[in-house]
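The following exercises concern one protein model and are to be worked from its sequence and coordinates. Each task is followed by a stepwise solution.

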Amino acid sequence: MRRFAPRVQASWRRSEGYGVSPERIEPAFTGSVDTGSLFYECGLEVLTGLQATLANEPLSLMITDPDGLVLSRLCEDGSIVRSLDRVHLAPGFSYGERTAGTNGLGLALADRTATLVQGHDHFCTALYGYTCAAVPVLDPISGDLAGSVNLTTWSDRSSGLLLALAQAAAANTSALMMLRAGGHRPQPAGRGEVFRVQPGSADPCVSGVWQAALQEARTALQAGRVVAVVGESGVGKRTLATQARQETVRRERILAARPPSPDDTEAWLALWTPELNAADTCVIVSDVEALATWTAEELAVCLNRALRPDQRPQAFMLTATDYATIPEALAVLVDTVVEVPPLRSRADDVLPVAQHVARAERHRDVGFTSAAARALTGYHWPGNTRELVKVVREAAARADLIDVRHLPPELFASSSGRKLSRLETLERDEIIRCLAEPGMTLVRAAAQLGMGRATLYRKIAQYGIRSPRAERAK
């Protein structure tokens, strides 16, 4: 009997559970595909360029959405095109695990990692004739799963370079997306980090909506329920989960774990799951939407089996962007969902958090001028609390009294809905920098910038610049 890799074995078990036919592909056709996304635009451009370098190769190049729906297929080999049509591996058809069982693109999307599925690794015998290399593509700004790049050829062809080609195409797609999105880089996320949360003072958030979410979590924990805390990235989900647990059960150890790379699942679980049998311990698993499907399944087994020395079930909490994104194996364990509102809905929390972060950075009280305070509270914080923390740390490292000149230019520019070119961004930032200088007037700023006052007024309006001097110019 053939032995499969652990991820493939897990995929086969899921395929059987989904009721996928092991003999034929049951077509799931949508009739239309979304071709308006940045991912589609960049992915198609990258694959078109790759296809031009692989002329006369029996190779199909595809991009799919996050659910495995094929958006585009490029192939010049007539025989493989006709063969793929017979198994419905074509635009408009879904090839996720629930539809086609174990296959390259379905498994790559399920586990969010580069995947090669060859011949008899496929769950459905109709796919035994193919080798499929697929790599998921994450949105370089949000970190969300955008889709996958998939290369398919005959199973008797050499597959040594197939996965490397797919990985290069996925990386180039992500890089092109980042370039066209304005060149912003995402915050690096720790993979597989496991650490103990040190007891500390209560979170400085004071807004009514934060306190309401905190009370909802405390009430659920007091009733012995499993709580999932959901909300946008960087909003403070683990912070709220930790605070709720600390205020519910005193003197309890809290262990926090972040998702590992799918290939590190076994080492990750072996590292910290023995702690699940410890007394007075609570585990918070963060960002569970980023867990590979088989990692989530193994974790669910560990959580279900974990018992404290007194035979009580081990306490644990989860965080995710939304309940719908929690892997199915973990979602069934959740009793209560608590949503943390974004920072833009919690303006009363901005200054308390900023003061708390600045004090921690300088190890003493740090002041904020009224202009800086208005800038902080007036900004929409798309990166939520994580972005606020980064901004304040950088400002506090430079001064004991934080003024507008210590804050980044984007805090003073309202969103116009139009992406600025690099030259426009440089011009906007230079105007903001100049206006932030102590004692600066609009007349002096226009002279220093080398433009007339009327031009400066027009630029301020064009870029939506908010500052005390700019406001007086309106």
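**Exercise 1. Salt bridges and exposure**

Is Asp365 buried or exposed, and what is its relative accessible area?

Solution. The conventions come first. This is a predicted model, in which local features need pLDDT of at least 70, side-chain atom pairs count only at pLDDT 80 or more, and totals for chains, interfaces and linings use all residues. Residues are numbered from 1 along each chain as its sequence is written, and side-chain values use heavy atoms, with hydrogens and water left out.

Step 1. Apply the accessibility classes: buried means under 20% relative accessible area, exposed over 50%, and partly exposed in between (1.4 Å probe, protein chains only). Asp365 has a relative accessible area of 58%, so the residue is exposed.

Step 2. Identify the partner. A salt bridge requires a side-chain nitrogen of Lys or Arg within 4 Å of a carboxyl oxygen of Asp or Glu. Asp365 forms one with Arg359, at 2.8 Å from N to O. Arg359 has a relative accessible area of 37% and is therefore partly exposed.

Step 3. State the total: the structure holds 21 salt bridges.

**Exercise 2. A link between separate segments**

Determine which parts of the chain are tied together by the salt bridge of Arg362 and Asp400.

Solution. Step 1. The closest N and O atoms of Arg362 and Asp400 are 2.9 Å apart.

Step 1. Locate the residues, taking helices (H or I, at least four residues) and strands (E, at least two) as DSSP runs numbered from the N terminus. Arg362 lies in helix H12 (residues 347-362), and Asp400 in the loop between helix H14 (384-396) and strand S13 (401-402), so the pair ties together parts that are 38 residues apart in sequence.

Step 2. Assign the exposure of Asp400: with a relative accessible area of 37%, Asp400 is partly exposed.

Step 3. Elsewhere, salt bridges that share partners join Arg14, Glu97 and Glu297 into one network.

**Exercise 3. Cysteines**

How many disulfides does the structure hold?

Solution. Step 1. A disulfide is a covalent bond between the sulfur atoms of two cysteines. The criterion here is a pair of cysteine sulfur atoms within 2.5 Å.

Step 1. The count is zero.

Step 2. Check Cys124. Its closest cysteine sulfur, in Cys132, is 14 Å away and therefore too far for a bond. Cys124 counts as buried, at 0% relative accessibility.

Step 3. Check Cys302. Cys302 is partly exposed, with a relative accessible area of 22%.

**Exercise 4. Helix pairs**

What are the crossing angles of H1 with H10 and of H16 with H17?

Solution. Step 1. Axes are lines fitted to C-alpha atoms, for helices over the stretch in contact, and angles run from 0 to 180 degrees between N-to-C directions. Angles under 35 degrees count as roughly parallel, over 145 as roughly antiparallel, 65 to 115 as roughly perpendicular and the rest as oblique.

Step 1. The axes of H1 (residues 6-18) and H10 (residues 293-305) come within 9 Å and cross at roughly 80 degrees. H1 is therefore roughly perpendicular to H10. Contact means heavy atoms within 4.5 Å; Arg14 and Glu297 are among the residues where H1 and H10 meet.

Step 2. The axes of H16 (residues 442-449) and H17 (residues 453-463) come within 9 Å and cross at roughly 95 degrees. H16 is therefore roughly perpendicular to H17. The residues that meet include Leu442 and Leu449 in H16, and Leu456 and Ile460 in H17.

**Exercise 5. Nonpolar cores**

Which members of the largest nonpolar core touch the most other members?

Solution. Step 1. A nonpolar core is a set of buried Ala, Val, Leu, Ile, Met, Phe, Trp, Tyr and Cys residues joined through side-chain atoms within 4.5 Å.

Step 1. The largest has 59 residues, and Leu240, Leu376, Trp381, Leu388 and Leu407 touch the most other members.

Step 2. Beyond residues up to four places away in sequence, Leu240 touches Trp210, Ala213, Leu214, Ala217, Val229, Val338 and Val340.

Step 3. A second, separate core of 25 residues includes Leu255, Trp268, Leu269 and Ala306.
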